[in-house]
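Hi,

Here is the structure I promised to pass on. Have a look at it first, and then read my notes below.

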Amino acid sequence: MRVFVSGGTGLIGNVLVPRLLDRGDAVAVLSRRPEHAKQLWGARVEVVGGDPMLAGPWSDAAAGCDAVVNLAGEGIFKRRWNADFKQLIRDSRVKSTDNVVAALAKHPRRADGTAKTLVNASAIGYYGPRGDEELTEDAAPGDDFMAKACVEWEQAARAVEQYGVRVALIRTGIVLAKAGGALEKMLTPFKMFVGGPVASGRQYMSWIHIDDEVGVILLALDNANVGGPMNATAPNPVTNREFSKALGRVLHRPSFMKAPGFGLRVMLGEVANVVTTGQRVVPRAALQAGYQFKFTEVESALRDVLQK
Ligand SMILES: NC(=O)c1ccc[n+]([C@@H]2O[C@H](COP(=O)([O-])OP(=O)(O)OC[C@H]3O[C@@H](n4cnc5c(N)ncnc54)[C@H](OP(=O)(O)O)[C@@H]3O)[C@@H](O)[C@H]2O)c1
């Protein structure tokens, strides 16, 4: 199949794109940095230059594909949050999705007449801060900034269902990958022997190994029965304290130095809420669809990505 990936140069796309190529799919990647994308994959990928937030000629390339995986979105930890940056966090997701939807709406069927597929990124931030309540895809959304942005993001994607396109919404947890993402930021204090739980340590961290993240996306791409929200989190979420202990064991470093929530809020501002609160999310839809997780325990996932 021919797959169009927007936001494909990031943490998830870097693993997803080679997996698609290895199994024989043709891949087109939309990037605001086409030269960078060409350096990553060379001629194996059709690189389409363009900004997903702005409609443009790239939409013809998207319309010509059998499926779209839409991963575009400004990194939420890139800057201290202010009104402008929050708008960019929201717009880079919702406007990009609007534009992908407009492209698919032009040609919603494949050459063989079957429905096209949109696999759209979303996040467990959809649920907002929820203590230790177990959350499946049916749980109601939260009402903080990230939750409201995720609701709009998902609504934007679902707008293409009216044209018969199958839409899967991948509510991703904390992706554990070899380089980049949240784990890279967590490593520094541990390497400096000052690692430990954040705030109370009781908040849940719903993590997922990058291989399973990509596995869930491929399941959503391939399985015609999958549609609607799908949590991409491992079946065993852990508290922040349990996560810190596992990370300390894997790195052979102490894990008892607490990072107080108050200090983090002063240092980081509003985005600190993302790490001082959490969600206990379970991947019911993926398990029901038959997905078999490669990594179900956080310590073995950390050992694998950190090669320990
Ligand atoms: N990684 C996680 O733990 C995690 C957790 C929950 C949800 N998610 C969601 O999953 C998606 C992919 O995650 P990721 O970790 O692979 O993201 P990432 O590494 O930050 O990459 C996202 C890509 O989006 C594009 N992008 C960045 N800022 C943009 C902007 N202002 N306007 C338009 N495009 C922009 C970039 O592509 P170009 O520069 O090539 O254009 C970038 O490579 C994101 O939407 C993210 O919110 C990720």
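**What I found**

The shell around the ligand divides into 12 nonpolar, 9 polar and 5 charged residues (Ala, Val, Leu, Ile, Met, Phe, Trp, Tyr, Cys and Pro count as nonpolar, Asp, Glu, Lys and Arg as charged, and the others, Gly among them, as polar). Before you go further: this is a predicted model, where local features need pLDDT of at least 70 and side-chain atom pairs count only at pLDDT 80 or more, while totals for chains, interfaces and linings use all residues. Residues are numbered from 1 along each chain as its sequence is written, and side-chain values use heavy atoms, with hydrogens and water left out.

Back to the ligand. It is surrounded by 26 residues, and Thr9, Ser31, Arg32, Arg33 and Glu74 are the closest (a residue is near if one of its heavy atoms lies within 4 Å).

- A ligand nitrogen is 2.7 Å from a side-chain N or O atom of Glu74.
- A ligand oxygen is 2.8 Å from a side-chain N or O atom of Arg93.
- A ligand oxygen is 2.8 Å from a polar backbone atom of Ile12.

On its own the ligand has 890 Å² of accessible area, and the protein covers 86% of that (Shrake-Rupley method, 1.4 Å probe). Helix H4 (83-106), strand S5 (117-123) and strand S8 (174-176) are the elements that give two or more residues to the shell (helices are DSSP runs of H or I with at least four residues, strands runs of E with at least two, numbered from the N terminus).

Now the helix packing, with axes fitted to C-alpha atoms over the stretch in contact and angles running from 0 to 180 degrees between N-to-C directions. Helix H1 (residues 13-22) packs on helix H7 (residues 210-222) at about 55°, with the axes 10 Å apart. That makes H1 oblique to H7 (under 35 degrees is roughly parallel, over 145 roughly antiparallel, 65 to 115 roughly perpendicular, and the rest oblique). Helix H8 (residues 240-251) and helix H12 (residues 298-305) have axes that come within 9 Å and cross at roughly 40°, so H8 and H12 are oblique to each other.

Most residues other than glycine have a negative phi. Ala199, in the loop between helix H6 (181-191) and strand S9 (204-205), has a positive phi near 55°. His252 has a positive phi near 55° too, and sits in the loop between H8 and helix H9 (261-268).

Cheers

Terms used: Polar contact = N/O pair within 3.5 Å; in protein donor to acceptor, adjacent residues only side chain to side chain.
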